[in-house]
Amino acid sequence: MNPKSAKKNNIRILAIESSCDETAAAILLNGTHILSNQVASQIELHAQYGGVFPEMASREHILAIYPVVQEALQQAHLGLDELDAIAVTRGPGLAGSLVVGMNMAKALSLGSGLPLIGVNHLEGHLYSAWIKMDDQEDHKTPEFPLVALIVSGGHTSLILMKDHHEYENLGSTLDDAAGEAFDKVARLLNLSYPGGPSIQKAAERGSATAFEFPRARLGDSWDFSFSGLKTAVLREVKNLQSDGVIIPVNDVAASFQTAVVDILVEKTFSAAEQFGAQHIIVAGGVSANRALRKAISSQNQFQVHIPPLKLCTDNAAMIAAAGYFRFTNGYRDNLEMDVIPNWPLV
Ligand code: KG4
Ligand code: ZN
């Protein structure tokens, strides 16, 4: 542990996140308490294209980054000289988006002398489980060993976490990420972007047993695969269309969502059992899904940690949380290395 940081009780970290279509800045105290949390979302801009338009995203980040960082400082009533470090998402994500946040972080670091901490976006999602929101009286700190399911628009991973920064990647998706499957099936059903919330809304009005879609279990492997499921939905929709039947969108959405949730929950519970983990973290955009939250929480065997909705989708508070635990472990980063140490998913 870094002796200087270990001595301080109150560590304030400013974090910046710009890996996809959210420009975000946040300040956290000791990695767990939010002092400010600002997110400028581009969802409305990209909705008209049915997905993220990378060049537009980076242009919007350039416009938003300075005001968002300034608002985060103002909301926390802090100046740069009262901070201890700057954390920033350095990947994975859209190159033209990431560079905007990284350049802002580098500039702030150069101007203030504050140390930089590069954070992997997925590690950020994972550490959102350590954040205690003011209204979360029942918040519990995750305990090791734990199994983490990270389900976002770009990734689906099952991770065994033995301690801070000690990861074992058990499995990942072999094709589409869970969020990507939601987005693609939503497009197929003419539901709006982003697909996850649209599918959820439609599913809540439909029957989960209307269609029997496949669940890819992949034998003993901890990997996931959603392309077969997506193709099965496509085939069903085409068959119905060729029969001149109006697509029962709500039923298709509900049956699809259940198939995804079943497989995610099943594998996560099996992994926790096999590796002796009492605690489970579910994080990333798809962890906002109500059916998934309900299914993974409806048992007494494991202590399940799912961040509040505000922290499920992209934000900078989670980057500050991950940054804090790296900072207090003595980790520093000039943002020039190719990979982040001890993170198996880069
Ligand atoms: O973590 P995130 O905000 O960005 C990435 O790092 O990719 O995740 C975005 C993904 C999208 O695919 C979106 O459709 C999905 O999370 N998502 C949901 C829900 N809310 C967002 N998927 C299912 N149900 C939701 N309620
Ligand atoms: Zn994300």
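**Exercise 1. Identify the residues closest to ligand 1, and state how many residues surround it.**

Solution. Step 1: ligand 1 is surrounded by 19 residues. Step 2: the closest of these are His125, Gly153, Asp183, Gly196 and Asn289. The model is a predicted one, and each value below is computed from it.

Step 1: consider the polar backbone atoms. One such atom of Gly153 is 2.8 Å from an oxygen atom of ligand 1. For Gly285, a polar backbone atom and an oxygen atom of the ligand are 3.0 Å apart. For Gly154, the corresponding distance is 3.4 Å.

**Exercise 2. Determine which residues are the protein donors of the zinc ion (ligand 2), and whether His121 is buried or exposed.**

Solution. Step 1: the protein donors are His121 and His125, each through NE2, and Asp314 through OD. These donors lie 2.0 to 2.1 Å from the zinc ion.

Step 1: in sequence, the spacing of the donor residues is H-x3-H-x188-D. The two histidines, His121 and His125, both belong to helix 5 (residues 121-127) and are 4 residues apart, about one turn of the helix.

Step 2: residues count as buried under 20% relative accessible area. His121 has 7% and is therefore buried. His125 has 0%, so His125 is buried as well.

**Exercise 3. Describe how strand 6 pairs with strand 7 and with strand 9, and how many of the residues of strand 6 are buried.**

Solution. Step 1: strands 6 and 7 pair in the antiparallel sense over 6 bridges. A hairpin of 4 residues connects them. Within this pairing, Leu149 has Leu158 of strand 7 as its bridge partner.

Step 1: strand 6 pairs with strand 9 in the parallel sense, over 5 bridges. Here Ile150 has Ala283 of strand 9 as its bridge partner.

Step 2: 6 of the 6 residues of strand 6 are buried. Leu146, Ala148 and Ile150 point one way, while Val147, Leu149 and Val151 point the other way; all are buried.

**Exercise 4. Decide whether Glu55 is buried or exposed, and whether Arg90 is buried or exposed.**

Solution. Step 1: Glu55 is located in helix 3 (residues 54-76). Exposed means over 50% relative accessible area. The relative accessibility of Glu55 is 59%, so Glu55 counts as exposed.

Step 1: Arg90 belongs to strand 4 (residues 85-91). Its relative accessibility is 15%, and Arg90 therefore counts as buried.

Step 2: the side chain of Arg90 makes a polar contact of 2.9 Å with the side chain of Asp333.

Methods:
Residues numbered from 1 in each chain as written. Chains lettered and ligands numbered in written order. Predicted model: local features only at pLDDT ≥ 70, side-chain atom pairs only at ≥ 80, totals over all residues. Heavy atoms only, no water. Donors = N, O, S within 2.8 Å, 3.2 Å for Na, K, Ca; no water. Buried < 20%, exposed > 50% of the residue type's maximum accessible area, 1.4 Å probe, protein only. Pairing = 2+ DSSP bridges. Polar contact = N/O pair within 3.5 Å; in protein donor to acceptor, adjacent residues only side chain to side chain. Near = heavy atom within 4 Å.
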